[in-house]
Each structure stands twice: as C-alpha cells, then as structure tokens.
Amino acid sequence: MWFSDIWKFKGVRQTLDCRNTRGRSAAFPFELAYRLINMYSIREDTVLDPFAGTGTTTCASIASSRNSIAYEIDPGLVETITETVATSKAEINGRLQERIETHRLFVESYSKKKEIIHYNDYYRVPVVTSQETEIILPRILDIDTTDDRTFVVSHESTLQNM
Ligand SMILES: C[S@@+](CC[C@H](N)C(=O)[O-])C[C@H]1O[C@@H](n2cnc3c(N)ncnc32)[C@H](O)[C@@H]1O
C-alpha cells in the first residue's frame, strides 16, 4: 500500500486553539509524515523539519524511533508544538497497534491469493518481503520534557506482543 502510486488518507483539523498565532495551522496528516519517515530513513536517524507548524513530523519521528529536530519561525506555535508532542504517547502507541492489526487483516486476505513465505517472529505474523521479517515497532514508555523545547523519549525495552 505504501509503495503504490496513490495514497489515500483524511486531512486533519486546521483550527489552532492558541490565541497568539494565526487561525489556520496548515497541518498535514500524521500518516503522511509517518510513511515518508519510515520509507526513507532508518531507526535512530535524525529527521529535520525546518517548518514544524504544529509538530506533526516530530510526533511521526517519535513513533518511528527516530531522533528529530524541528524549527518554527512563529513563536506563537511553541505552546501548541510542546503540548502536541508532550501528550502524544497514547496516540502514537494506538497508531503502532493499529499498524500491526491492519497488517494482520491484510495478510489474512492476501494469503488467500498468494503464498506468503516470510515470517516476522516478533509479532508472529506472515510478511510479504524479507525486509519485513526484522521489523519491530517499539511502543513509547515516556515522553519527558526537559525544557519547553526538548523531549527525551523512552521506549518499552521488552517487546509486548500486540
Ligand atoms: C505548512 S506549515 C507546516 C505544518 C506542519 N507540517 C504540521 O503538520 O503541522 C509551515 C510552517 O512553516 C513555518 N515557517 C515558514 N517559514 C519558516 C522559516 N523560514 N523558518 C521556520 N519556519 C518557517 C510557518 O510558520 C508554518 O508554521
């Protein structure tokens, strides 16, 4: 699905609650950043977003076990970015869970048409390509704020079956 020519996902809410900045966020969907980061970088790489906006790319980087650095020219957005990132744990873990569940549904129907020969031992699930056999999606344990612009993220050390 990720390597197809057409991606389909819904847009996101554009309203900004913060009074100190503009009325419209121009935020893009988390899924867009998440896919691109996963396709074109590897675990523990550092993702640079020069136009942070609401912090979507930072959240997608955290979800993908990447480091990230973000710049935003509008100081009125700092509060929004900080809050979005600091409170993103549940949403990120939910999305990781959803990714595994979606994959399980996918293999269920795919395996009726084609034989699947690869297997991911961590999740005990068949996978289509050999690259997927090693994929693990560590869940977030904590997102700590060290100051209003720096976050330290810890992941669950032992893999929980999803
Ligand atoms: C399209 S928005 C980014 C939205 C973001 N991807 C998201 O999902 O929330 C572009 C952002 O770049 C910021 N920006 C524009 N010029 C900039 C510059 N020179 N340096 C840093 N940020 C800049 C704008 O203030 C705006 O918040």
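Okay, let's start with how this chain folds back on itself: among contacts in the protein between residues at least 6 apart in sequence, 43% link residues at least 24 apart. Two residues are in contact here if their C-beta atoms, placed from the backbone, lie within 7 Å.

Some housekeeping. This is a predicted model, where local features need pLDDT of at least 70 and side-chain atom pairs count only at pLDDT 80 or more, while totals for chains, interfaces and linings use all residues. Residues are numbered from 1 along each chain as its sequence is written.

So, the overall layout. The protein has 4 helices and 6 strands. These are DSSP runs numbered from the N terminus, with helices being H or I of at least four residues and strands E of at least two. Along the sequence you'd read α-β-α-β-α-α-β-β-β-β. Taken along the principal axes, the C-alpha atoms fill a box of roughly 55 × 35 × 25 Å. Of the 162 residues, 18% count as buried. Buried means 20 or more other C-beta atoms within 10 Å of a residue's own, exposed means 12 or fewer, and partly exposed is in between, with C-beta atoms placed from the backbone.

Now, how many residues of α2 are buried? It's 8 of the 8, so α2 is largely enclosed by the rest of the structure. Just after α2, Ser65 takes a positive phi of about 60°.

Which helix does α2 pack against? Helix α2 (residues 56-63) packs with helix α4 (residues 89-113) at an angle of about 55°, and their axes are 10 Å apart. The axes are lines fitted to C-alpha atoms, over the stretch in contact for helices, and angles run from 0 to 180 degrees between N-to-C directions. That makes α2 and α4 oblique to each other: under 35 degrees would be roughly parallel, over 145 roughly antiparallel, 65 to 115 roughly perpendicular, and the rest is oblique. On the α2 side, the contact is made by Cys59, Ile62 and Ala63, and on the α4 side by Ile92, Arg95 and Leu96. Those residues divide into 5 nonpolar, no polar and 1 charged. For the record, Ala, Val, Leu, Ile, Met, Phe, Trp, Tyr, Cys and Pro count as nonpolar, Asp, Glu, Lys and Arg as charged, and the others, Gly among them, as polar.

Next stop, the ligand. There are 15 residues around the ligand, and Ala27, Phe51, Gly53, Thr54 and Thr56 come nearest. Near means that the C-beta atom, placed from the backbone, lies within 6 Å of the molecule or strand. The shell divides into 8 nonpolar, 5 polar and 2 charged.

Leaving aside neighbours within four places in sequence, Val12 is in contact with Ala27 and Pro29. Val12 is partly exposed, with 14 other C-beta atoms within 10 Å.

Most residues other than glycine have a negative phi. Glu44, though, has a positive phi near 75°. Glu44 lies in the loop between α1 (30-40) and β1 (46-49), and is exposed, with 9 other C-beta atoms within 10 Å. Then there's Arg124, with a positive phi near 50°. Arg124 is in the loop between β3 (118-120) and β4 (125-127). Buried or exposed? With 10 C-beta neighbours inside 10 Å, Arg124 counts as exposed.
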